[in-house]
Each structure stands twice: as C-alpha cells, then as structure tokens.
Amino acid sequence: MANQEEIALSLARTPLFVIAQELKARLTSFGGWEMPVQYTGITKEHEAVRNAAGMFDISHMGKFILQGKNLITQLQHLVPSDLSRLQPGQAQYTVLLNPQGGIIDDIIVYYQSEDPTGGQRGAIIVNAATTSKDKTWLLQHLNLDELVFQDLSPEKVLIAVQGPQAVSLLRLFVDKDITQVKAFGHLEATVFGKTAFLARTGYTGEDGFEVMLDPDAGVELWRSLLNAGVIPCGLGARDTLRLEAAMALYGQDIDDTTTPLEAGLGWLVHLDKKEDFIGRSVLEQQKANGVQRRLVALRMQGRNIARHGYQVLSQGAVVGEITSGTLSPTLGYPIALAYVPTKLATVGQQLEVEIRGKAHPGVVVKKPFYRSKNR
C-alpha cells in the first residue's frame, strides 16, 4: 500500500501551490490534486468571504477554449439550456447530459466573441475531477472539422476573488473597469502586463470574479491581493460557503445518475425554447409524469451534523440519503442537502437523520439556506 508521501508525490499541484506552502496551509487530496483545505481556519476564511473578501486557488478546474463556426449551435445539442440567447460577453451555468438525462458535469459556458465571418469563440470551465471525462465527451460529440478545441487546464491559473469587497480590491490590478460587468458577464483585460479572462461568477453565494491568466501573472496577482488584505481560503470554506448558498457539488449532490429536474435544477431545462438535445426524451417524460425524488434542503433541529452518506428517515423507515452537510458558520446551525421521495420534499416536512445510531430531527426548508444582500 502506498504511504502518504508517495500519494502526495502522485498528486498534481497548481502554480500557486508554493504560496500555499509558504503560508503553511493545511493540504488535502482533491480530484487528483494536492490542494489547500484551509489556511488560517475554515470559519475565519468563511467569514472573510461573507463580510469582506477572500480568494481561492481554483486552478485545478478544467479550462477549455473553443473557436469556429456554429460553436453555440453545436453546444446546444449537449445541454438542456437555451444557449442561443447568449450574447458575446455573457455566460450560462448549465449541465452536460448523458442519454439517460443524468448529469455528466455541471459547467459554465462563456460566449466570448463572434467575428464577421461567423466564427464564434467561447470558453467552458468544468470541474477538476471530471476534466478528462468532459473533454472526451465533448470531443466525441463536437464536429472538429468546424471547431478548434484547446485544453488550457494545465497552462492557466484560475483565481476566485469573492465577497462584498472583492470587486473593489480586484479592480486595483485590472486595466479595465470591471465594476460595470453584470453577473455572469465577462471580459478580457490586462493584469500585470498579461491578458486575463475575468468573469463575474463564483461558487460562494457572494459577488466576485473568477480570473484566468498565465501562471507568472497569477502568482503576482495572488501576492498583490494578499498584500491588499484579501484572505486566502481553502476548499473547506469553499464547501461551507457553497452549501449555505445551496449550490450543488458534483460527485455528491449531482452525478450521472441524477437528472437536473431531480436535483432542483429545472431552471436550466428549456424544453419549450430549444431543439433536440441529448437526454431530452427522459426530461420530457419526467416533466410530464413528475420525478420520483428531489434534492431538498434540510435544517437540523439540534446541533448534530448530518454528513454525506447518512440515512434520512421518515416514521422510522429509510427514505433517502444526505448528500452534503455541515454546521453553517453564518447561520449557526447544521444544514444539509438530501434526496428524498417527492411526496416528502415539501417545505415544512419533518424528517429525521440517523447519526451514530440515533435518529435526529430535521425539517425541509426553502433553498438557499443563505442569500447574500450584496449580490
């Protein structure tokens, strides 16, 4: 069996890893990468994002650039969302679907530009653990005679700057006015002499930007933001923040066996506004007949935390399973996501979670658990 040192040596590292070591971050294995789980503490980092500004190294995520004719039309066949309404400078959060309607991955499609000849340019950001799977799927289903596909995953740094002060601090280092960019808007600008891609997106429930740029400029931006007072944050705070905002984590809350209608992502499914796409027939059937289960938000009634994999009970019978759970730093009580039968998915429904052999009460509540006043 491999020891911890051998395991660490087999993991990939981002260009910002050396700074994490300098800051004595606690490290963890995630999706084949050695990543900071925390720097100064999950609660402190979480509160920095909610109240001021924090930054995350998300360079491990997959980064694809696509260019050519009919790009948007081709992508339309792979997702349930209507991408035709996107204008250059806009983006869409959506999901890649398999023929069973299951979620291959949740992604963001950024429509960057269109030239006079009809050539279109865009970017797709995907999850780290699914980068290889997504790339294979895209290459299998796109017409590469019309498109150029570039995988920039190992070549670029990606930094998420999040929180109510994030934009005002990030703008100090960008040559364009990013304050006018709307949510899910994006642009190219210059950061420390290098071209950077900046998108007003994030995974925390707060305002902010995600910045993709070359490694040397990325390192300089990270150090400059650090000196400006932005708090470095790890995967621990990223998880508590996204869960408070009821944002799904791929591999836990959604996967290739869950459909967007089951996962509460029905707003991504535009059956009445677009042509055929992979998995459409399954979603049409679910829309017509209703889904058998739903992903719900649970507020635990005591202090016991419902963790991933714990069983959900109703009247003593097992009816579902926790997909994500934590003690909410912002709200001060335990929260969780779980799949339960549709008849038990209404707000106010009383359920229980088995924790260490004992049933603890919880109640279905409206998503999200937390909504920022700053967005």
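This is a predicted model: local features need pLDDT of at least 70, side-chain atom pairs count only at pLDDT 80 or more; totals for chains, interfaces and linings use all residues.
View 1. Residues are numbered from 1 along each chain as its sequence is written, and side-chain values use heavy atoms, leaving out hydrogens and water. Asp151 forms a salt bridge with Lys135, at 3.3 Å from N to O; the term means a side-chain nitrogen of Lys or Arg within 4 Å of a carboxyl oxygen of Asp or Glu. The two residues sit 16 apart in the chain, Asp151 in strand S8 (residues 147–151) and Lys135 in helix H5 (residues 131–141). Helices (H or I, at least four residues) and strands (E, at least two) are DSSP runs numbered from the N terminus. Lys135 is also partly exposed, at 29%.

**View 2. Arg293 meets Glu262.** In this salt bridge, the closest N and O atoms are 3.4 Å apart. Arg293 belongs to strand S14 (residues 293–300), and Glu262, 31 residues away, to the loop between helix H8 (235–244) and helix H9 (280–289). Glu262 is buried, at 10% relative accessible area, whereas Arg293 is partly exposed, at 28%.

**View 3. Arg200 pairs with Asp207.** Their side chains form a salt bridge of 2.7 Å, N to O. Both Arg200 and Asp207 are buried.

**View 4. A salt-bridge network.** Here Arg50, Glu206 and Glu244 are linked by salt bridges. The count for the model is 14 salt bridges.

Definitions and conventions
Buried means under 20% relative accessible area, exposed over 50%, partly exposed in between (1.4 Å probe, protein chains only).
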